Amino acid sequence: MITTRFSIACETNKMPGLPQENVFFQGAYRRPDEYLKAYARASESRDPFQVYAIFSAQGKDEVAAAALQRVMKAFGERVAKEKATPITNFEILTTQVVSELNDLVCDISLSGQGTPLRISVTALFIQKNTLNLFHLGNTRALLLNGNRISRLTEDQTVTRKYIKDGIISPADEHNHPERNVLTQYLGKFEAEGPVSPEKRMGIKLSAGDEIYLVGAGVSRYVPESVFAVIAGRSSRPETKSSDLIKAAKGAGAKGGISASVIRVVGVQTDSPVPVIVPTTMVPAHTSPTRSPNGISQPVSDQLLEKARSEDSFSDYTSAQETSEGENDENRGVSKMKKQTIWKKRLGVILLPVILFVIFVFIGYFSMTAILHFRKAGINPEDNNIGTVDPSQIQNKVMYAIADQLSVFTEDNLESNVVYYLKRGESVRIIETGNSFSKIETISGISGYVLSAMLSETDPTIGEEIIEMSSDPTPIPEFTTLPVETVPTTTVEMTETLSTTTAESTEPTESTEPTESTEPTESTEPTESTEPTESTEPTETSETTQETTQETTQEPTQETTSV
């Protein structure tokens, strides 16, 4: 047997077009004549089979309010039928209830000329100390167990699907335009797909646990931090439900403001005969909360604002888990969902990076292969040819930078030399290799020269030409004529002949001068060959013993011709 104390609070919508909401508690719900003002109820129950639910309808105000009344009535009739017999299979019960209510809403929509109706529902079934529930839409159920608060349901909306797929972040959900667009709801036609409610079964309850059912307005406008502050107090359930309504209105909610708090007062599983206490409805007590020491604790705007700015949710967790050691299967499902979400997010992030790296490698190796084959195609037989375009070096004129620059037959230093270039001599480049360049000289000689010994500019340009201090003409070694018969044109020859005559020995019989050695008129000096004082005949002009008549005639003839 389980004993609970519950409180229901609903606020009248302040603007048209907002969701119409209603609550179900132990066979009772809000009637049409009670919509004109705020609705609040509180009671206690020891019924072994307790049912609580919250409904939120989207559609035209009049149609949605009327449809909710019919849905609440049908749901109450089905609950009364189930109380007569113990529930043996909750999944079958959920399927039957959801199917009946969905058909009813579709019929109402068709009877209203096809007016669309979408109704969210979260229903709790407490049997002994076990909680089962099913859920459709964007109403919520939460469980406070000790100091841990956890969500029992997940919104079935478009934005929640976006978050799972990694399209938007949870922070963007609050102001997203599709936040209230439902993916699962009552009133779904067959063409729109099957109705698939979320189910939670086998949740064990203990004394002190609290279950919260909240509507669309409360879940949207009351931050988790404020919700945690209100839920964490030791106040009565009716005070907590009232505080949740005030917090939603203070944050700007104008409709869909409903809250229900069910507290487990006690659990007794060994009682053979359950005692049922009539669930007499009384107005909710909305006086300020009193702490154990008697000090009032009203919910003020300053407290709610402070709760919004502080991280008051640090002592709780919003994960869909129950207390430790219980509901291992549900905990495992929640972890699998988280892992799936993270895998999807990692996939969205890593896939573009991986594709980028792959394409970079493909591009790199493709360009390398293209350049390799292009280089091989230029001159596949000569691996020494560089990457210079042949059109840039062919027929180019360059100059040797050193004298006696060797021109080889082949592009190596051990080959034969066919020509020597002078410094500044120009050549035509035929082709260029790593160390040697093939050239052609002006005379048509071709060969190989060290590339480093060639320059694009003539190295002799700008160099000064050294003037000669003397005539480079060589001096003959065969001078035997007397000095007076051999006129010269330079001082050097005169000095040489004088030195030779001085060193000669005494004359022999064969050294007597012949008739041909006598000076002639043609040997007289011209203006350009005026003899100097050193060219006059001297006493030392006699020939040596080694001079023969034959050798003296030749210079004589040459002198005569001059």
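## Overview

The protein has 11 helices and 21 strands. Helices (H or I, at least four residues) and strands (E, at least two) are DSSP runs, numbered from the N terminus. This is a predicted model: local features need pLDDT of at least 70, side-chain atom pairs count only at pLDDT 80 or more, and totals for chains, interfaces and linings use all residues. Residues are numbered from 1 along each chain as its sequence is written, and side-chain values use heavy atoms, with hydrogens and water left out.

Of the 562 residues in the protein, 40% are buried. Buried means under 20% relative accessible area, exposed means over 50%, and partly exposed lies in between (1.4 Å probe, protein chains only). Now take contacts, meaning heavy atoms within 4.5 Å. Among contacts with a separation of 6 or more, 72% link residues 24 or more positions apart.

## The open sheet

Six strands form an open sheet. Their order is β4-β1-β12-β11-β8-β9, and the pairing is antiparallel. Two strands pair if DSSP finds at least two bridges between them. β4 (39-45) and β9 (148-151) stand at the edges. Each has a single partner strand, so one side of each is left without a neighbour in the sheet. From one strand to the next, the twist averages 15°.

Strand β8 (residues 140-145) runs antiparallel to β9, and 4 bridges join them. Asn145 stands opposite Arg148 in β9.

## Helices on the sheet

Helix α5 (residues 224-231) packs on the sheet. This helix touches β8, β9 and β11 (210-214). The direction of α5 makes about 135° with that of β11. Such angles run from 0 to 180 degrees between N-to-C directions, and axes are lines fitted to C-alpha atoms, for helices over the stretch in contact. Helix α6 (residues 237-250) lies across β1 (2-10), β4, β8, β11 and β12 (258-267). α6 runs at about 160° to β12.

α5 and α6 also pack against each other, at an angle of about 155° and with their axes 10 Å apart. That makes α5 roughly antiparallel to α6. Angles over 145 degrees count as roughly antiparallel, under 35 as roughly parallel, 65 to 115 as roughly perpendicular and the rest as oblique. On the α5 side, the contact is made by Val226, Phe227, Ile230 and Ala231. On the α6 side, Lys240, Asp243, Leu244 and Ala247 take part. The residues of this contact divide into 6 nonpolar, no polar and 2 charged. Here Ala, Val, Leu, Ile, Met, Phe, Trp, Tyr, Cys and Pro count as nonpolar, Asp, Glu, Lys and Arg as charged, and the others, Gly among them, as polar.

## The α1 and α2 pair

Helix α1 (residues 61-84) packs with helix α2 (residues 90-111). Their angle is about 155°, and their axes are 10 Å apart. That makes α1 roughly antiparallel to α2. From α1, the contact residues are Ala67, Arg70, Val71, Ala74, Phe75, Arg78 and Glu82. From α2, they are Leu93, Gln96, Val97, Glu100, Leu101, Leu104, Val105 and Ile108. The contact holds 10 nonpolar, 1 polar and 4 charged residues.

## A look at Arg220

Arg220 is found in helix α4 (residues 216-221). Its relative accessibility is 27%, so Arg220 counts as partly exposed. Leaving aside neighbours within four places in sequence, Arg220 is in contact with His174, Arg179 and Asn180. Arg220 and Ala248 are 28 residues apart in sequence. In space, they are 8.2 Å apart, C-alpha to C-alpha.
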